[in-house]
Amino acid sequence: MSRYLILIVVLALAATSTVLALTVEPAIGWLLVLLLPLVFLGLHDLVQRQHAIWRNYPITGHVRFLLETFRAEIRQYFIEGERDRLPFSLEQRSLVYRRAKQVNDAQPFGTIHDMDAPGAMWMPHAIQPAIIPDCDFRVMIGGPDCRQPYLASVLNISGTSFGSFGARAIMAFNHGAKLGGFAHNTGEGSISSHHRVHRGALIWQVASGYFGCRTPEGEFDPERFRQQAADPQVRMIEIKLSQGAKPGHGGVLPRAKLTPEIATARGVELDRDCISPARHSAFSSPLELMRFVDRLRTLSEGKPVGFKLAIGYRHEFMGIVKAMLETGIAPDFIVIDGSEGGTGAAPVELTNHVGMPVADGLSFAHAILTGAGLRDRVRLAASGKAISAFDLCRFHALGADYVMAARAFMFSIGCIQARMCHTNRCPTGITTQDPLRQKAIDVAEKAQRVAAFHRNTMHAMAELLAASGLGHPGDLRPHHIHVRARDGQILRGEPRFIQMAQGTLLNGSVPDPYRQDWECAQAASFTAGLQ
Ligand SMILES: Cc1cc2nc3c(=O)[nH]c(=O)nc-3n(C[C@H](O)[C@H](O)[C@H](O)COP(=O)(O)O)c2cc1C
Ligand code: SF4
């Protein structure tokens, strides 16, 4: 009965107010303005059949839904611990905010990490730290077949499409990349007019929808590709094979979210959903993928061409490596994305349970390319929750030549991790097409923050490297990361990641965890062959 107490009180008050208003004081009738809506709400709750909670708890049941609406904010502002990762901790987000806003990022009083806990990581320091005069760390991307190599920063902005992002967020990223001298990946939504305003270096991503280089039927259009790729602003071309947050899944930008600008950038019709198929139509085997890489390199007049993927079946990546050996064609770069990566929207099960985490995928790809004698030809990048300079150093130690980051740069332009990117109601105006919400982004100001975050992270990286007696991220090796094991021992390097000596796979002595996969990997097919 207590469930109905509030409704009964409201009904009683409404009845009393009515009687008093009619008999004693008409002004009391004003109370009904407040009470009558509650009466109707309570009665509606009793008869409706949609929500059991409302039926059982008329009026009060709405409080639950109200609190649920603000759950993320309540948790974030009042409950969240500094190290709770949801998916990024307050400590991580604050670090980006401080570096982007150029405020003091020093930490007082000492670490809040338990350095005795299993999994704790650190870098060894040298008694004579190195002196690093310039922290603008760069790596040349472009193998022997590339005629326009790109001298990239070791930290760049990872793909986030115009479509999932609004125009101002795209402009802030690109302007920031221009100011800081690093690259901005377009994401699969292709190059929009907003990417071109500030002329920051672009990595043009070509995904299964071939947006910006497609025929009306959605096939790859070489002539349109050639025209777009000729723009000097496009410094590299990245074929997207998969994305860690939703590997094996295409995407849909619903018709309702398509604007004429998005449709123009992508080369799609406005009157239907914009589909990214789950698989490419331009190639269907590792050999064909290599020929596609070669074709894009030729069509782009020799710009670096590579691909991005999350590692799934190990034999598939090994099949691609076999295709490189068979054709003599190698991509200029490979980006390994992790299952912990972000997305505008993805099915829950795919996000939580499909694909390999970045550290495993990266060290695997590094080992296989090294074992195949191809590591010197192909630059390797990693993307997956890189926030601090230590995250970058760990990726370099595991084999990366450079790092791509999306959400760190999103924090730099104000993302508060509200996780409503798929609703078009992003509170900070980043992942929305709503022009009013986008107004929250002052492009010039946010671009400064993007550049400042990058610059201060590079500075922090230089300090880390110098403390370890190293001069460049490329000097990092697995043993530069020390890890606390479960039994309390200190391990040099992370032993779960297997190293491979140069050419190991070529002389047939394939180490055990990889032998079976290597034997059934095929250059002619993504599927596993019989052993
Ligand atoms: C809102 C959003 C949109 C994204 N769009 C793309 C995309 O179009 N293409 C792509 O390859 N990756 C996309 N990603 C994934 C990122 O590029 C990146 O690979 C992943 O988030 C891991 O990096 P991070 O942990 O630094 O965010 C997107 C991520 C987010 C958060
Ligand atoms: S503020 Fe929230 S909705 Fe906007 S980009 Fe960040 S996580 Fe997505």
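At 35% relative accessibility, Arg-226 counts as partly exposed, a class lying between buried (under 20% relative accessible area) and exposed (over 50%), computed with a 1.4 Å probe and protein chains only. Glu-223, at 36%, is likewise counted as partly exposed. The side chains of Glu-223 and Arg-226 meet in a salt bridge with an N to O distance of 2.5 Å; the term denotes a side-chain nitrogen of Lys or Arg within 4 Å of a carboxyl oxygen of Asp or Glu. Both residues belong to helix α9 (residues 222–229), where they are three residues apart, about one turn of the helix. Helices (H or I, at least four residues) and strands (E, at least two) are DSSP runs numbered from the N terminus. Elsewhere, salt bridges with shared partners join Asp-145, Arg-297, Asp-332 and Arg-377 into one network.

The model is predicted, so local features need pLDDT of at least 70 and side-chain atom pairs count only at pLDDT 80 or more, while totals for chains, interfaces and linings use all residues. Residues are numbered from 1 along each chain as its sequence is written, chains are lettered from A and ligands numbered from 1 in the order in which they are written, and side-chain values use heavy atoms, with hydrogens and water left out.

The salt-bridge count comes to 21. One of these pairs is Arg-484 with Asp-116, at 3.4 Å from N to O. Arg-484 lies in strand β14 and Asp-116 in the loop between α6 (90–101) and β1, so the contact ties together parts that are 368 residues apart in sequence. Arg-484 is buried, with a relative accessible area of 15%, whereas Asp-116 is exposed at 58%. A salt bridge is also formed by Arg-147 and Glu-301, whose closest N and O atoms are 4.0 Å apart. This pair links distant parts of the chain, 154 residues apart: Arg-147 is in the loop between β2 (138–141) and β3 (150–153), and Glu-301 in the loop between α11 (286–299) and β10. Arg-147 is exposed at 59% relative accessibility, and Glu-301 is partly exposed at 44%.

Three strands form an open antiparallel sheet in the order β1-β14-β15. Its edge strands, β1 (121–122) and β15 (490–492), each pair on one side only. Pairing requires that DSSP finds at least two bridges between two strands; β14 (residues 482–484) is joined to β15 by three. Within β15, Ile-490 stands opposite Arg-484.

Strand β10 (residues 305–310) pairs with β11 in the parallel sense over five bridges, and Gly-306 has Phe-333 of β11 as its bridge partner. Five of the five residues of β11 (residues 333–337) are buried, so this strand is largely enclosed by the rest of the structure. In a regular strand the side chains alternate between the two faces of the sheet. Both faces of β11 are covered, with Phe-333, Val-335 and Asp-337 buried on one side and Ile-334 and Ile-336 on the other.

Leu-11, Leu-43, Leu-46 and Val-47 make a nonpolar surface patch of about 320 Å². Helix α2 (residues 31–47) supplies the largest share of the patch, three residues. Leu-11 is found in helix α1 (residues 5–23) and is partly exposed at 35% relative accessibility. Patch members have over 30% relative accessible area and no salt bridge, with nonpolar side chains (Val, Leu, Ile, Met, Phe, Trp, Tyr) joined within 5 Å and like charges within 9 Å. Accessible areas come from the Shrake-Rupley method with a 1.4 Å probe; for residues, only the protein chains shown count as cover.
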